[in-house]
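Please look over the structure shown below before reading on.

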Amino acid sequence: MSVKEVLQQQYQQIQSEWLRYQNNPYEVERVHDLRVSIRTLRGLIKFLKPALSTSIYNQLNTDLGEFAQHFSDLRDLDVLIAKVGEYAYQYPEDGTIYPELFKQLQHRRVEKMAQTLTEESRVIIEKYLDKVNITLKDLKFAGEINQGNMMAKEFKRRDRKLMKQYHNLDFQNYERVHHVRKRAKTLRYSATYFADYVPKKEHKRVKRAKKIQDICGAITDAHVIKHQLQDLAEKTTSQSKHEMFMKIADYQENRVAVKDVF
């Protein structure tokens, strides 16, 4: 399969996940799978950046990013609900406030979900989809990307840079952790979907990238969740809710541990 065919196939996956989400937006996996499909194509485009003109790369990256942004708050809320659920499971004795908390969170989820399904949102989202489709159909690479060793070289270059950044990473710096997480995703997606262009001996690096992605993902999720819970605590007039939100925030932050990936 050619590089362009891989990109077109992933674009079709986005379209399918967008339809599945519209059919059943209440299912958590639908928004998750939609965002993963968008992230995957965006990661492949980032991997191919050296072979693309600056204008084409910026166009695709921006359109896919704007598309994904429409579902960011909803996905963050789904992660929050899941983490609060984990806490409630671990500490069932903490009182009878849980049902009220989940009712509040689910109400917020319905509101966020509805925002993605308004006629205005659908028009904007499908505009970005159409723009990406047109750009991909007319996509031209700088040189014959399907031949030679450009892909393998880019894979090795990205792997070396990822490991250097991870070695020097300050895990208290959320912005840097988030950046490394994105680089790990790009490396992982490219090795998976461009497998025909990456030497088999290099595939062992994919597992390492996945571990880095998971570690950084846990840290970034905890960061986002903590701020969401602190925001909820500040807005509530209930002392018991305030205390519970802060307890869960501390619990999430303390559960994150950095592990060696080597």
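**A guided reading of the model**

Phe155 has a relative accessibility of 0%, and because buried means under 20%, this residue counts as buried. Its place is in helix H7. Phe155 and Arg205 are 50 residues apart along the chain, and 9.7 Å separates their C-alpha atoms. It should be kept in mind throughout that this is a predicted model.

The overall plan comes next. The protein has ten helices and zero strands, and the pattern read along the sequence is accordingly α-α-α-α-α-α-α-α-α-α. Taken along the principal axes, the box filled by the C-alpha atoms is roughly 65 × 45 × 25 Å. The protein has 262 residues, of which 44% count as buried. Among the contacts with a separation of 6 or more, 79% are accounted for by residues 24 or more positions apart.

Which residues of the largest nonpolar core touch the most other members? This core contains 52 residues, and the ones in question are Leu7, Tyr21, Leu41, Ile45, Phe67, Leu136 and Phe194. At least two residues of this core come from each of helix H1 (3–23), helix H2 (28–47), helix H3 (54–69), helix H6 (119–137), helix H7 (150–167), helix H8 (174–193) and helix H9 (204–235). Apart from this core lies another, of 20 residues, which includes Leu77, Ile81, Leu232 and Ile248. Leu41 gives a detailed view of the packing: not counting residues up to four places away in sequence, Leu41 touches Leu7, Gln10, Tyr11, Ile14, Leu64, Val132 and Leu136.

H1 has 21 residues, which should span 30 Å at 1.5 Å a residue; the end C-alpha atoms of H1 are 31 Å apart, which agrees. The buried residues of H1 are Val3, Val6, Leu7, Gln8, Gln10, Tyr11, Ile14, Glu17, Trp18, Tyr21 and Gln22. H3 has 16 residues, and the distance from its first C-alpha to its last is 22 Å, close to the 22 Å expected at 1.5 Å a residue. In H3, the buried residues are Tyr57, Leu60, Asn61, Asp63, Leu64, Gly65, Phe67 and Ala68. What do the buried residues of H3 pack against? They pack against H1, H2, helix H4 (72–90) and H6.

The loop between H1 and H2 holds Tyr26. Is Tyr26 buried or exposed? Its relative accessibility is 59%, and because exposed means over 50%, Tyr26 counts as exposed. Leaving aside its neighbours within four places in sequence, Tyr26 is in contact with Arg109 and Met113. Tyr26 and Val110 are 84 residues apart in sequence, and their C-alpha atoms are 8.1 Å apart in space.

Rolling a probe the size of a water molecule over the atoms shows where empty space is left. The largest pocket has a volume of about 1200 Å³. Its lining is made up of 43 residues, and Arg35, Arg39, Arg181, Lys185 and Asp221 lie nearest its centre. Two or more lining residues are given by each of H2, H3, H4, H8, H9 and helix H10 (239–255). Which element supplies the largest share of the lining? H9 does, with twelve residues. By class, the lining has 15 nonpolar, twelve polar and 16 charged residues.

Not counting residues up to four places away in sequence, Gln213 touches Arg181, Ala184, Lys185 and Arg188. Two of these, Arg181 and Lys185, are also among the residues that lie nearest the centre of the largest pocket.

Conventions: Residues are numbered from 1 along each chain as its sequence is written. This is a predicted model: local features need pLDDT of at least 70, side-chain atom pairs count only at pLDDT 80 or more; totals for chains, interfaces and linings use all residues. Side-chain values use heavy atoms; hydrogens and water are left out. A nonpolar core is a set of buried Ala, Val, Leu, Ile, Met, Phe, Trp, Tyr and Cys residues joined through side-chain atoms within 4.5 Å. Buried means under 20% relative accessible area, exposed over 50%, partly exposed in between (1.4 Å probe, protein chains only). Helices (H or I, at least four residues) and strands (E, at least two) are DSSP runs, numbered from the N terminus. Contact means heavy atoms within 4.5 Å. The expected span of a helix is 1.5 Å times one less than its number of residues. On a 1 Å grid over the protein atoms alone, a cavity is a set of points where a 1.4 Å probe fits but cannot get out, and a pocket is an open set with protein on both sides within 12 Å along at least five of seven lines; lining residues have an atom within 4 Å of a point. Grid points are joined across faces, edges and corners, and a volume is the space filled by probe spheres set on the points. Ala, Val, Leu, Ile, Met, Phe, Trp, Tyr, Cys and Pro count as nonpolar, Asp, Glu, Lys and Arg as charged, and the others, Gly among them, as polar.
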